[in-house]
Amino acid sequence: MKKLIRPAMLITPLILGVLFPEVRVLAQSPYNFIKWALCVMIFINSLQIRPSELKPCKEHWVLLAANILLGVVPFFLLQSAGCDTMAQAAFFTGIAPTAVASSVVVALLNGSIGFALTAFVISNVGIATVLLFLLPLVTGNLALDFFFSVLRSLIEAIALPLLAAQILCRIFPRLRDSAGKLKMCSLSLWSLSLFIIVAVARDYLDLQNDTISGMFLPAGVSLFMCALNFITGFWINRRFRRESSQMLGQKNTTLALFLALEYSGGAAVLALVFYVIYHNIWNSLQLLAFPGKIKPVAPDADLLTEAEH
């Protein structure tokens with residue numbers, strides 16, 4: 001039964017979002033459900049991070065550089081070809097940082113959990129920093145007010161919940177033990193967020209006159225970017241091939257979707273919805289391909305949802 005819960009929490013919101021596009025209003029002000037759900041999820045998942053156990057190495061910085069280039073290069077290539085909408089779709093699918101749940105898949109594939117957790121922290125902090133300068137450039141809004149708007153969004157969505165989790169764990173060390181008990185809360189928030197995001201994507205599709213440009217182009221761009229991320233990660237770091245592939249391929253799409261809703265449009269949102277489907281399919285295929293190599297995951301790691309954030 002437990003094996004069916006997570007697939008159901010991925011498939012159900014996809015269906016409901018298509019059937020009930022009206023819930024898209026929850027993504028907008030004054031509700032901002034995606035933003036606050038993201039804050040809670042990052043807080044819960046940050047409870048398991050122990051700064052003393054993070055050990056950066058050169059491979060982590062190579063991954064960060066690749067992550068940035070995978071967002072920037074496709075964007076400028078598509079923009080130079082006159083495909084501005086698809087350029088933003090490629091940017092948000094490429095620039096999204098590593099999902100914290102990627103460490104679970106790495107563990108199941110006999111990879112290094114320590115490498116994965118360190119990569120998660122470096123990726124999310126590093127990408128958040130460069131987005132301060134890249135988002136104004138990508139959106140074409142170079143006003144100082146826009147810069148501070150992006151800064152405020154990133155601080156609220158990433159920095160504050162991450163720091164709050166670490167500070168509270170210092171004051172109340174036993175709080176780390178409660179992270180595992182909150183795993184279903186985190187997964188439920190992600191599932192509800194996906195429900196609302198799919199409703200936003202459905203609304204975007206309803207406004208499109210051309211099905212090919214409205215649906216198939218974002219889906220195609222997303223598929224290409226997903227494959228490019230996993231393949232690039234595999235080839236750039238020989239010592240941690242499987243881990244690096246997972247770090248680049250399994251994205252924090254909840255954060256990327258929040259930013260796409262704030263600063264881009266429906267095409268980027270739709271591409272990210274497809275990315276959620278693609279990287280979960282690939283993760284499932286990987287786990288099926290290595291049934292004999294799976295090893296137990298650390299107790300705390302189980303709090304991370306294999307599906308997403």
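A residue counts as buried when its relative accessible area is under 20%, as exposed when it is over 50%, and as partly exposed in between, using a 1.4 Å probe and protein chains only. The structure is a predicted model, in which local features need pLDDT of at least 70 and side-chain atom pairs count only at pLDDT 80 or more, while totals for chains, interfaces and linings use all residues. Residues are numbered from 1 along each chain as its sequence is written, and side-chain values use heavy atoms, with hydrogens and water left out.

**Overall composition**

Helices (H or I, at least four residues) and strands (E, at least two) are DSSP runs numbered from the N terminus. On that basis the protein chain has twelve helices and zero strands. Of its 309 residues, 53% are buried. Contact means heavy atoms within 4.5 Å. Among contacts in the protein chain with a separation of 6 or more, 82% are between residues 24 or more positions apart.

**Helix H10 and a residue of H8**

Helix H10 (residues 241–249) is mostly covered, with seven of its nine residues buried. Those buried residues are Glu243, Ser244, Ser245, Gln246, Met247, Leu248 and Gly249. Leu192, by contrast, lies in helix H8 (residues 183–206) and is partly exposed, with a relative accessible area of 44%. The C-alpha atoms of Leu192 and Thr12 are separated by 9.7 Å, although these residues are 180 residues apart along the chain.

Two packed helices are described by the angle between their axes and the distance between the axes.

A crossing is left-handed if the near helix is turned anticlockwise from the far one by less than a right angle, and right-handed if clockwise; H7 passes H11 in a right-handed crossing. On the H7 side, Phe146, Ser149, Val150, Ser153, Leu154, Ala157 and Ile158 meet Leu255, Phe258, Leu259, Glu262 and Tyr263 of H11. By class, this contact of H7 with H11 has nine nonpolar, two polar and one charged residues. For these classes, Ala, Val, Leu, Ile, Met, Phe, Trp, Tyr, Cys and Pro count as nonpolar, Asp, Glu, Lys and Arg as charged, and the others, Gly among them, as polar.

Asn124, Leu131, Leu135 and Thr139 of H6 make the contact with Leu255, Leu259 and Tyr263 of H11. The residues of the contact of H6 with H11 divide into five nonpolar, two polar and no charged.

The contact of H11 with H12 has ten nonpolar, two polar and no charged residues.

**Aromatic pairs**

Rings of Phe, Tyr and Trp (its six-membered ring) pair if their centres lie within 6.5 Å; planes under 30 degrees apart count as stacked, over 60 as edge-to-face and the rest as tilted. The count by this rule comes to ten aromatic pairs. One of them, Phe115 with Phe240, is stacked, at 4.1 Å centre to centre with 15° between the planes. Phe115 lies in helix H6 and Phe240 in the loop between helix H9 (211–236) and H10, so the pair ties together parts that are 125 residues apart in sequence. Both Phe115 and Phe240 are buried.

Phe146 and Tyr263 form an edge-to-face pair, at 5.2 Å centre to centre with 80° between the planes. Since Phe146 lies in helix H7 and Tyr263 in helix H11, this pair ties together parts that are 117 residues apart in sequence. Phe146 counts as buried at 11% relative accessibility, and Tyr263 counts as buried at 10%. Elsewhere, Phe75, Phe76, Phe91 and Phe92 form one aromatic cluster.
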